[in-house]
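Here are my notes on the model, point by point. Please read them with the coordinates open.

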Amino acid sequence: MGRELNLDAKVIKKDLNWAELGFQYHRTDFRFSASYENGQWSDGELISEESIAIHEGAPSLHYAQQCFEGLKAQAAEDGRILLFRPDLNSERMNHAAGRLLMPDVPGKLFLRAVEETVRANYAWIPPYGSGASLYIRPMLIGVGENLGLKPAQQFEFRVFVSPVGPYYKAAGLAVISLAVSAMDRAAPNGTGSFKVGANYAGGLLATREAQQLGASEALYLDSAEGRYIDEAGSANIVIAMKDGKLITPASRAILPSITRRSLMQIAEHTLGMQTEERPIELHREFADFEEMGACGTAAVLSPVGKIWFDDAWHTIYQDGQSVGPIMQQLYDSLMGIQKGELSDQFGWLHEVTV
Ligand code: PLP
Ligand code: COI
């Protein structure tokens, strides 16, 4: 079914105002669904129904037995459709699955599901140069009847896609602000380093409070001492120091961002910067921050102009509204690779044939 469906979809490119898209759910034509029962995954298939009917006792609903991933497909100028390091999303999903007593999604199934969903929704892939991209959301949920606190017996693996624009309001490389939250995101031996929905529900209030202060997002400090920078609500942190180093927090409680790992490699190997992953003490080190960025699949690399802490705004780079040269270079290098404009020197791209 897939092949015919793709060819049809390919000729009818959707007529969306791509440049105006924000980061919202936009229903596309197909999603992939596979189920796990009696120790086995089904082959999975493309379906059109976006709703999922699950049992009222499903552990994903009561006990948050679920995890998810996020990656993007970009259209290159020559028409290629490019994924960025999908193998790492597959690996990370299986780390989360193991932590929550869910079955691994085999790497081959993960990649086939992503590829088939992207291909089938070809018409929804924002064109090269539009500033938008196709966001891909794989998810694994515990379904089936359950009441006591124990793992589900059945699971669903689903992949859906949505064309998206920038995560933060302004287009392109927008400067954002962060407000340090008094709430903790995750404990050192908790689930902070896993991409599980439970981490995010607890962060909704922190995000709202940050936004009430006029910030784009919450910034979390480590929950043991409240001294070291952990991460933002939906992104990791990178900091260009006045001594020329690019540093990023070492913490067991943060998500191992694929974007951040890639940026650190670009900084070291392409920009020739010294890099360090280490605890970063906000109050003691703030004066040495030259530029800061929040990075992730949705956030890409958003320069952070100012941070709210100790009841005041503290600007980082110049007036707190300008993009600094290091974040600009990192952003250009990363986007250049992701869109196929620069050479894929690290072997990060995965082409989806259409
Ligand atoms: N941190 C959190 C809490 C996130 O939700 C995300 C988004 O996935 C990231 C960091 C960035 O991770 P990645 O670069 O793999 O998208
Ligand atoms: C992503 O960047 O892919 C995420 O999952 C962040 C999410 C909060 C939108």
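1. Phe23 counts as partly exposed, because its relative accessibility is 26%. The classes are: buried under 20% relative accessible area, exposed over 50%, partly exposed in between, with a 1.4 Å probe and protein chains only. This is a predicted model, so local features need pLDDT of at least 70 and side-chain atom pairs count only at pLDDT 80 or more, while totals for chains, interfaces and linings use all residues. Residues are numbered from 1 along each chain as its sequence is written, chains are lettered from A and ligands numbered from 1 in the order written, and side-chain values use heavy atoms, without hydrogens and water.

2. Aromatic pairs come to 14. The rule takes rings of Phe, Tyr and Trp (its six-membered ring) with centres within 6.5 Å; planes under 30 degrees apart are stacked, over 60 edge-to-face, the rest tilted. Phe23 and Tyr167 are edge-to-face because their planes stand at 80°, with ring centres 4.9 Å apart. This pair links distant parts of the chain, 144 residues apart. Phe23 is in the loop between helix 1 (2-11) and strand 1 (31-37), and Tyr167 in the loop between strand 8 (154-164) and strand 9 (176-180). Helices (H or I, at least four residues) and strands (E, at least two) are DSSP runs, numbered from the N terminus.

3. Is Tyr167 buried or partly exposed? Tyr167 is partly exposed, at 33% relative accessibility. Tyr167 also pairs edge-to-face with Tyr168, at 5.1 Å centre to centre and 80° between the planes. Tyr168 is buried, at 9%.

4. Ring pairs link Tyr36, Trp41, Phe110, Phe155 and Phe157.

5. Two charges sit over rings. The criterion is NZ of Lys or CZ of Arg within 6 Å of the ring centre and within 35 degrees of the ring normal. Lys306 lies over the face of Trp313, 4.5 Å from the ring centre. The charged end of Arg185 sits over the ring of Tyr200, 6.0 Å from its centre.

6. Strand 1 has 5 of its 7 residues buried. Strands pair if DSSP finds at least two bridges between them. Strand 1 pairs antiparallel with strand 8 over 5 bridges, and Ser33 stands opposite Arg158 there. Strand 3 (residues 45-47) runs antiparallel to strand 1, with 3 bridges; Arg31 has Ile47 as its bridge partner.

7. Strand 2 (residues 40-41) joins strand 1 by 2 bridges, again antiparallel. Glu37 stands opposite Gln40. Their hairpin has 2 residues between the strands, and Asn38 takes a positive phi near 50°.
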